[in-house]
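Hi everyone, thanks for making time this morning. Please have a look at the structure on the screen, and I'll walk you through a few places in it.

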Amino acid sequence: MSTPVTQAAASLRDAIREAADGLINRDHLAELMILGAVAQEHLLVIGPPGTAKSAVVRRVAQSLGGRYFEYLLGRFTEPSELFGAVNLGKLRDGLVETDIGGMLPEADIAFLDEVFLGSTAILNTLLGVLNERRFRRGHTDIACPLRLCVGASNALPDDDSLAAFADRFLLHVFVDAVPDSRLEDLLAGGWAVGQCTVAARAAMATLDELNALVPKVDMSAVRADLAQAIRQLRKAQIALSDRRIVKAQQLIAAAAVLAGRNVATRADLWPLVYVVPSAAGQQSARETLRELLAEARHPLLQAVVETAVQQPLARIARLAETADRLLGTARGEGFRGEAEALLREIDANFGKASLPPELSARRAQLVVAVQSA
């Protein structure tokens, strides 16, 4: 693709790094937000309280610039708290118009925490905003600039009507508490996050530029593979609605655009995992589609691809980038330990015969650097 598109993707990479810095095991969530924003498909985040869901969303929104709206919903939340109050001056003239200044209908990125606690009136109005990017209330009928809405909840709803609303979020991601092995990183990162602010690294225009390329992606090369993947999922009792199947193409095309290509390949099929709506279903999908997803990789969205497929080839970009960082910096106090850990991870994923060219030379340089450190 053209240089401007490459630069746009690079600015999003900077935004991801800025947003996820210090938030342990949350890079994939930040990257999934970028994918959703480029595809203009919404994201549902499921996880227990205190797992940095809101922190990631807030920081990504800040790094992208634009207007941001955030709200914690409750049983007694009024529609006016999200969409704005009725204009009393116009009401006296017989017009039911809403003052939307600073509210959800004006937002570029929105975050709705405990989204399933919203009333029927709120959820019905949200459907129009999410699906059609339009806000309708009384005499007010306006287009919304919303690129991405992130909903969050502690668990998926059991109620059928709420489950239908959850289906409007094409991307589902499940987060857990940071594991014991990374508690030191959690403490250090959390302390650092509290000491710094996030600067804007990209812009809404960047998202719009990339989104305009999504419909132009040639999907013909992967359509048979995608159909076969759906058949395999159905055989494994993993059901996807026709709507989710068709819209999955939007995510695959967006992944190709962010990789700098206008033709989708097998390497771009990994978003299909996040289209599966349940955690158990996603894990089953990884196993069911293991062979089909073996080629999955991405130069920009490294963490989310690695989390999606959990296979060695998906780790190449991250391992290579980490090696370049270590080799390109001064040999500080912690260099030897980091380099040895990276070498162990490379060797755990690839034998001598299967070591990719991207890692072969870097591994050799790391060995020399460790020996001389």
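Helix 16 and helix 17 cross in a left-handed way. This is a predicted model, so please hear everything I say as a description of that prediction. Two packed helices are described by the angle between their axes and the distance between the axes. Here, helix 16, residues 335-349, packs against helix 17 at an angle of about 145°, and their axes are 10 Å apart. On the helix 16 side, the contact is made by Phe335, Arg336, Ala339, Glu340, Leu342, Leu343, Ile346 and Asp347. Helix 17 brings Arg363, Leu366, Val367, Ala369 and Val370. By residue type, this contact of helix 16 with helix 17 divides into 9 nonpolar, no polar and 4 charged.

Now, helix 17, residues 357-372, also meets helix 15, residues 316-327: their axes come within 10 Å and cross at roughly 35°. The crossing of helix 15 and helix 17 is left-handed. Which residues of helix 15 take part? They are Ile316, Leu319, Ala320, Ala323, Asp324, Leu326 and Leu327. Facing them from helix 17 are Glu358, Leu359, Arg362, Gln365, Leu366 and Ala369.

Let's step back along the chain to helix 14, residues 302-309. Just after helix 14 comes Gln310, with a positive phi of about 50°.

Next, helix 10. It runs over residues 220-235, which makes 16 residues, and spans 24 Å from the first C-alpha to the last, close to the 22 Å expected at 1.5 Å a residue. Its buried residues are Val222, Asp225, Leu226, Ala229, Ile230 and Leu233. Why do we say that they line one face of helix 10? Looking down the helix axis, they fall within an arc of 145°, and so they line one face. As a reminder, an α-helix has 3.6 residues a turn, so residues three or four places apart point the same way. Turned away from the buried side of helix 10 are the exposed residues Ala224, Arg231 and Lys235. Covering the buried residues are, among others, helix 11 (242-258), helix 12 (272-275) and helix 13 (279-288). After helix 10 you find Gln237, whose phi is positive, near 65°.

While we are on positive phi values, here are two further residues. Asn25, in the loop between helix 1 and helix 2, has a phi of about 60° although it is not a glycine. Arg133 is not a glycine either, and its phi is positive at about 55°; you'll find Arg133 in the loop between helix 6 and strand 4. Are these two buried or partly exposed? Asn25 is partly exposed, at 28% relative accessible area, whereas Arg133 counts as buried, at 15%.

Last stop: Val115, in the loop between strand 3 and helix 6. Val115 is buried, and its relative accessible area is 0%. Beyond its sequence neighbours up to four places away, Val115 touches Leu44, Leu73, Leu123, Gly151, Ala152 and Phe165. Take Leu44: Val115 is 71 residues from it in sequence, with 9.2 Å between the C-alphas.

That's my tour, and I'm happy to go back to any part of it.

Notes: Residues numbered from 1 in each chain as written. Predicted model: local features only at pLDDT ≥ 70, side-chain atom pairs only at ≥ 80, totals over all residues. Heavy atoms only, no water. Helix = DSSP H or I, 4+ residues; strand = E, 2+ residues; numbered from the N terminus. Expected span 1.5 Å × (residues − 1). Buried < 20%, exposed > 50% of the residue type's maximum accessible area, 1.4 Å probe, protein only. Arc of directions from axis to C-beta. Contact = heavy atoms within 4.5 Å. Axes fitted to C-alpha atoms, helices over the stretch in contact; angles between N-to-C directions. Left-handed = near helix turned anticlockwise from the far one by under 90°. Nonpolar A, V, L, I, M, F, W, Y, C, P; charged D, E, K, R; others polar.
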